[in-house]
Amino acid sequence: MQDLSQFQDPRFARMYERMTARADPATTDLRIRLLAGLRGRVLEVGAGNGLNFPHYPAGVTEVVAVEPEHLLRAAAERAAATAPVPVVVVPGHAGSLPFDADSFDAVVLSLVLCSVPDQRVTLAEVRRVLRSGGELRFFEHVRSPSPVRGLLQDLITPLWRRLAGGCRPNRETAAAIEAGGLVVEEHQRFVHHLPGSPRLTHILGRARNPA
Ligand SMILES: C[S@@+](CC[C@H](N)C(=O)[O-])C[C@H]1O[C@@H](n2cnc3c(N)ncnc32)[C@H](O)[C@@H]1O
């Protein structure tokens with residue numbers, strides 16, 4: 001059994017559940033695009049309260065959803081019960097995924113690479129569990145391309161991390177995905193506003209684990 005104590009943050013978990021309780025058609029549309037066309041056995045890392053679950057397409061045979069935070073994992077288990085495809089929720093964290101190598105056809109990361117302690121370690125784990133030729137789907141907020149906004153994000157990061165479950169708003173996540181050896185095949189960059197959060201640059205796309 002992994003030690004998940006460092007990932008427990010009940011204050012953030014309750015806040016995230018409140019922030020995401022209201023209907024948010026724009027983010028729902030992005031989640032649908034994130035998951036469109038996925039097939040086979042899919043791993044979702046840092047699934048939170050399971051907001052992606054309703055949007056997995058019928059070609060997905062099983063979703064294994066890893067979530068380290070106890071309250072969010074309990075909410076994900078409730079969401080799994082009504083998902084349109086089979087979803088199994090398990091405890092674990094991105095730095096040491098509790099799965100064999102090559103065991104998934106696809107991996108989904110949504111709004112999680114901002115929060116993991118080490119993106120390089122997480123992406124190495126993603127590559128390990130993803131079969132050759134398998135796909136990473138990502139939807140993340142990233143550092144602003146504006147130098148001034150990027151600097152402001154650097155300045156606010158220490159406080160933001162404390163208030164937002166370890167989230168760092170100033171990460172260059174697209175570059176980290178490529179540096180991790182995944183080949184980015186499609187990548188859109190846009191400004192988006194999550195409820196309860198300021199407008200931030202986001203990326204949405206797909207990358208492949210090379211053979
Ligand atoms: C902003 S929430 C996003 C939740 C969900 N992916 C979504 O799209 O709504 C960030 C999530 O990442 C999880 N998380 C943080 N660090 C993690 C880690 N090292 N491994 C896996 N999940 C992690 C948090 O517990 C939380 O559920």
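This report walks through a predicted model, from its sheet and helices to the residues around its ligand.

## The sheet

Let's start with the strands. Seven of them make up an open sheet with mixed pairing, and the order across it is β3-β2-β1-β4-β5-β7-β6. The edge positions go to β3 (87-90) and β6 (183-193); each has a single partner strand, so one side of each has no neighbour in the sheet. On average, neighbouring strands are turned by 15° against each other, direction ignored.

Strand β2 (residues 60-66) and β3 run parallel and are joined by four bridges. Within this pair, Val-66 of β2 sits opposite Val-90 in β3.

## Helices on the sheet

Two helices to look at here are α2 and α3. Helix α2 (residues 25-35) packs on the sheet and touches β4 (104-110), β5 (130-141), β6 and β7 (199-208). The direction of α2 makes about 165° with that of β5.

Helix α3 also packs on the sheet, where β2 and β3 are the strands it touches. Its direction makes about 170° with that of β3.

Which residues of helix α1 (residues 10-19) are buried? They are Phe-12, Ala-13 and Tyr-16. Looking down the axis of α1, you'd find these buried residues within an arc of 100°, so they line one face of the helix. As a reminder, an α-helix has 3.6 residues a turn, so residues three or four places apart point the same way.

## Where α1 meets α3

What do the buried residues of α1 pack against? Their partner is α3 (70-80). The axes of the helices α1 and α3 come within 8 Å and cross at roughly 35°.

On the α1 side, the contact involves Pro-10, Ala-13, Arg-14, Tyr-16 and Glu-17; on the α3 side, it involves Leu-71, Leu-72 and Ala-75. Sorted by class, that gives six nonpolar residues, two charged ones and no polar ones.

## Around the ligand

There are 23 residues around the ligand, and those that come nearest are Gly-46, Gly-48, His-93, Ala-94 and Ser-110. By class, this shell has twelve nonpolar, nine polar and two charged residues.

Key
Residues numbered from 1 in each chain as written. Predicted model: local features only at pLDDT ≥ 70, side-chain atom pairs only at ≥ 80, totals over all residues. Buried ≥ 20, exposed ≤ 12 C-beta atoms within 10 Å, placed from the backbone. Arc of directions from axis to C-beta. Contact = placed C-beta atoms within 7 Å. Near = placed C-beta within 6 Å. Nonpolar A, V, L, I, M, F, W, Y, C, P; charged D, E, K, R; others polar. Pairing = 2+ DSSP bridges. Axes fitted to C-alpha atoms, helices over the stretch in contact; angles between N-to-C directions.
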